[in-house]
Amino acid sequence: MKADSLLAQVEQLFNLLESRKVDYVLVGGIALLTYVEGRNTQDIDLIMALPSLSILPEIKIESQDMYYARGNFGELQIDILLTENPLFAIVEKNYTIIKQFMDHNIRCATVEGLILLKLFALPSLYRQGSFERVGIYENDIATLMYAFNPKMKPLFEELGKHLNETDMLEARKIIADVETRIQRFRKANKRL
């Protein structure tokens, strides 16, 4: 989908969600664009409660399990993180901010909320061997950490409630690697 077409579909989706008074939180690549430039995306990611799907027949659901649904709104692919997942519900409740996007005031995940969601997903993506998505998610985390320097301790405390010990160790290693890359980059820039 071309960028203009993607934005037009996103605009139509936001209008629909607004007209139906659906509670949602924008997450994923488009949410990241409200904080930093340079992120490409071909879909939209939302946190939403399962009952909301029943009042949105325009979204054609292709697959669904307990915590995720994937559908299409016209040509726009929508990945829905369902609030039945405790972490998604926490992000929806505690890690949101109103951001201007296009002509809408959108409830969007905070920097910390986006990092939580990316870190939560990464161990599973490693197990699946999804190298491309791992790279994108790690870069998203690095970009947000570099630009906003969020406090990681409270995020690890929250994440520890939702990941097993092995996955938490992996999440900590990922952040340690990202922090090392950021320090190396900052030192290199000071020398220039």
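Which element gives the largest share of the lining of the largest pocket? In this predicted model, that share comes from α5, with eight residues.

**View 1. The protein chain as a whole.** Eight helices and seven strands make up the secondary structure of the chain, where helices (H or I, at least four residues) and strands (E, at least two) are DSSP runs numbered from the N terminus. The radius of gyration, taken over C-alpha atoms, is 17 Å, close to the 16 Å that the globule rule gives for 192 residues, so the chain is as compact as a globular protein of that length; the rule is 2.2 Å times the number of residues to the power 0.38.

**View 2. The largest pocket and its lining.** Of its 31 lining residues, Asp45, Arg70, Asp79, Arg133 and Tyr137 are the closest to the centre (on a 1 Å grid over the protein atoms alone, a pocket is an open set of points where a 1.4 Å probe fits, with protein on both sides within 12 Å along at least five of seven lines, and lining residues have an atom within 4 Å of a point).

**View 3. The packing of α5 against α8.** The axes of α5 and α8 (residues 165-191), lines fitted to C-alpha atoms over the stretch in contact, lie 9 Å apart at an angle of about 105°, on a scale from 0 to 180 degrees between N-to-C directions. That makes the two helices roughly perpendicular (65 to 115 degrees). Leu119, Leu122, Pro123, Tyr126 and Arg127 of α5 make the contact with Asp167, Glu170, Ala171, Ile174 and Ile175 of α8, contact meaning heavy atoms within 4.5 Å.

Residues are numbered from 1 along each chain as its sequence is written, and side-chain values use heavy atoms, with hydrogens and water left out. Because the model is predicted, local features need pLDDT of at least 70 and side-chain atom pairs count only at pLDDT 80 or more, whereas totals for chains, interfaces and linings use all residues.

How values were computed
Angles under 35 degrees count as roughly parallel, over 145 as roughly antiparallel, 65 to 115 as roughly perpendicular and the rest as oblique.
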